[in-house]
Amino acid sequence: MIVRMIATLIQPQQVSDHLRSLGFSNNLDIQYQLSPEILTEQALLTGEGVLNDTGALCVNTGKFTGRSPQDKFIVKDAITEHTIEWNNFNIPFEAAKFKALKEELIQYCNSKGKLWVRDAYACANNDYRIGVRVINENSWSNLFAYNMFIRPTEQELASFEPEWLIIQAPSFSANPEKHGTRQENFAIISFTDKTIIIGGTAYTGEMKKGIFTVLNFLMPQQHNVLSMHCSANVGANNDVALFFGLSGTGKTTLSADANRKLIGDDEHGWNDTGVFNFEGGCYAKCIDLDEKKEPEIFHAIKPGALVENVVFYPNTKAINFSDKSITENTRVSYPLHFISNALIPSVAGIPQNIFFLTCDAYGILPPISKLTTEQAMYQFISGYTAKVAGTEAGVTEPKATFSTCFGAPFMPLHPGKYAALLGEKIKKHQVQVWMVNTGWTGGPYGIGKRISLAYTRAMVCAALNGKLAEVEFEKHSIFGMLIPKNCPGVPVNILHPRYTWSDRTAYDKAALELANLFNKNFEKYKQGVSADILMAAPKTTA
């Protein structure tokens, strides 16, 4: 087994011995721990990628341009049988079939002759750090692993011990009848085997979210650490803020603040001393990327970055960020140090403010409001946003979306477990929790208008700076959250959504309809949450 390496302190024999013990051939050419420059060069030589005009590697992930939640499985065994919340996202898979599929995947990898292997860590807090060995079929997938996981030093590599394994081979296709998958692509986690196998899809996010799912299982149970799908930043006074929100709510935009250091943009843990990033990089959406609105992401697209599924302007290598012809889910991955104001190592103190972001296309929720602890737990479990259903002609009605803990596809435990941990921490540290609506005001989509980003930033800033502690609040009659009567830099007449509607009776009716959607969605969680959380539900009767 040939192990090509970049650091003399690495002990390649340990790597090759481990791979052999897994069933990998001794004749493989192992490209181990290669630099971004070499990985990029290799992808260019094989024609798997091209450089854009700023030097970033651009690739096409093929058939799959996003995750496939219906094809993500967890092996049902002694560890998981009674702990996993089995549902549409946590789909059980037989242990024997996993073993057989893993063996076939390894044999397929052996037939390739060459593999890319990388050792990395997950969790910036060393108390919880796990070693991850990533085995890829191609060089650019290995570049993604370099960008997204935490990069060991040469000294750490010398004694590196992998605890978890990822085997990713996009061109390997499963046989559903034989292997027990739904279709040819799959991403399967085994907690007993401590292995994630991925095949049939080149979408790199499956690797990242696989480890996130693992941490969401381990952290709350083994360490009493709250694992969170959120972005986080910290101010000059070491005040930490968390931003939860589904896609399109402004999580990345609002957490990117020139006056605050970025802890991370997506995955974090919260222990007794503070918050820490699970990752070593960012995986940012590129659609409609604008240099003025998101300069840090825009300028992170440079040598070493990996850009997925974008389109160039004709006869150029300049990316047309508004082009959705391949997918709306265009992405760029880059290491955290590409962000000029990133906090490295990405470990900070106890949060003082939490923001739940929603893009409410119904125009019902206030642009900012304060939540009690119980309301925060209810909203956390609900994970609400509402978007316009589509862009086709005639499709103008908003559609409500609920995703537990603002990340249902990655939460293997009952949401009540995460909510209970959140509630404990909010109470213990007296954290302020805010709901921020970045959606519509003055009516629903088609009648009202989108809330100004400048006003949203002003409201978030007022909350962070303690200015909202000095104002009076009024209670929303249905949802119960407290609405500020004024806010620095924001017109008073937009703060209460009911007063922005020309027909207030229509607002009341629409608010009740939305409240009913909340309550209907929450029915499935009633058995796993406390009575206090249930009391925080919207009121649909007098």
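Leu 51 counts as partly exposed, because its relative accessibility is 33%; the label covers values between buried, under 20% relative accessible area, and exposed, over 50% (1.4 Å probe, protein chains only). This is a predicted model, where local features need pLDDT of at least 70, side-chain atom pairs count only at pLDDT 80 or more, and totals for chains, interfaces and linings use all residues. Residues are numbered from 1 along each chain as its sequence is written, and side-chain values use heavy atoms, leaving out hydrogens and water.

Back to Leu 51: together with Leu 44 and Val 50, Leu 51 makes a nonpolar surface patch of about 190 Å². Patches take residues with over 30% relative accessible area and no salt bridge, joining like charges within 9 Å and nonpolar side chains (Val, Leu, Ile, Met, Phe, Trp, Tyr) within 5 Å. A salt bridge here is a side-chain nitrogen of Lys or Arg within 4 Å of a carboxyl oxygen of Asp or Glu. The areas come from the Shrake-Rupley method with a 1.4 Å probe, and for residues only the protein chains shown count as cover.

Leu 51 sits in strand 3 (residues 50–51). Strands (E, at least two residues) and helices (H or I, at least four) are DSSP runs, numbered from the N terminus. Where does strand 3 stand in its sheet? The open sheet has five strands in the order 3-4-18-19-17, with mixed pairing; two strands pair if DSSP finds at least two bridges between them. Strand 3 and strand 17 (281–285) are at the edges with a single partner strand each, so one side of each has no neighbour in the sheet. Further in, strand 18 (residues 306–308) and strand 19 (residues 331–335) run antiparallel, joined by three bridges, and Val 307 faces Val 332 in strand 19.

Now for some helices.

| Helix | Residues | Buried residues |
|---|---|---|
| Helix 4 | 139–148 | ten of ten |
| Helix 10 | 373–382 | nine of ten |

Helix 10 is largely enclosed by the rest of the structure, because nine of its ten residues are buried. Among them are Tyr 378 and Phe 380. The buried residues of helix 4 include Trp 140 and Phe 144.

Leaving aside residues up to four places away in sequence, His 179 touches (heavy atoms within 4.5 Å) Phe 93, Lys 97, Leu 101, Glu 104 and Ala 174.
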